[in-house]
Amino acid sequence: MTMSKIYLLLGIVVVLGLGGVFLSGGGTDTLTALATLKKPDPFSATAISASQISLNWVDTNSSEDGYQIYRRKEGVSSFSLIVTAPQNSTNYQDQQGLSTSTKYYYKARAVRGGSNSTYSVVANATTLASNPISTPIPTSTSTPEDTIA
């Protein structure tokens, strides 16, 4: 059995335990979990084409609002927020103005209200030199030698 401390503060029940902080108040009997946010882990980046990088992570939270994704280009020192992926997401396809044969660095963090997790590890991928070109499959044709008389 885990030890918890229960406090009554201005009509709000606050329970402190190993699983985080739980609040109850305002006439509701439901406890709302406010556990500490965890960073997305593992976090990886894979080049898909000359203009797309796939980002993947494990959804390590049950109550986040989403995941902020940050990117920087090789040679640039600061990261910029490019998107907030929705709650419970586990991937994002970055197709926002990527250049061919360019290395990009990414990091992410979980967000909820005004709270943020720590950042994930920094992952990187280099876009491909060019998009793959489909080569048509040759079709067979008959020649006079193939014709049966």
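What follows covers the ring pairs and then the charges over rings.

This is a predicted model, in which local features need pLDDT of at least 70 and side-chain atom pairs count only at pLDDT 80 or more, while totals for chains, interfaces and linings use all residues. Residues are numbered from 1 along each chain as its sequence is written, and side-chain values use heavy atoms, with hydrogens and water left out.

How many aromatic pairs does the structure hold? There are 3. Rings of Phe, Tyr and Trp (its six-membered ring) pair if their centres lie within 6.5 Å; planes under 30 degrees apart are stacked, over 60 edge-to-face, and the rest tilted.

Phe-43 and Trp-57 make a tilted pair, 6.1 Å centre to centre with 35° between the planes. Phe-43 is in strand β5 (residues 43–49) and Trp-57 in strand β6 (residues 52–57), 14 residues apart; strands are DSSP runs of E, at least two residues, numbered from the N terminus. Both Phe-43 and Trp-57 are buried, meaning under 20% relative accessible area, with exposed over 50% and partly exposed in between (1.4 Å probe, protein chains only).

Next, Tyr-70 and Tyr-119: the centres are 5.5 Å apart and the planes at 80°, so this pair is edge-to-face. Tyr-70 lies in strand β7 (residues 66–73) and Tyr-119 in the loop between β11 (115–116) and β12 (123–126), so the pair ties together parts 49 residues apart in sequence. Tyr-70 counts as buried at 10% relative accessibility, and Tyr-119 as partly exposed at 31%.

Phe-43, Trp-57 and Tyr-67 form one aromatic cluster.

Now the charges. A charge sits over a ring if NZ of Lys or CZ of Arg is within 6 Å of the ring centre and within 35 degrees of the ring normal. Lys-107 lies over the face of Tyr-119, 3.9 Å from the ring centre. The charged end of Arg-72 sits over the ring of Tyr-105, at 4.2 Å from its centre.

How values were computed. Helices (H or I, at least four residues) and strands (E, at least two) are DSSP runs, numbered from the N terminus.
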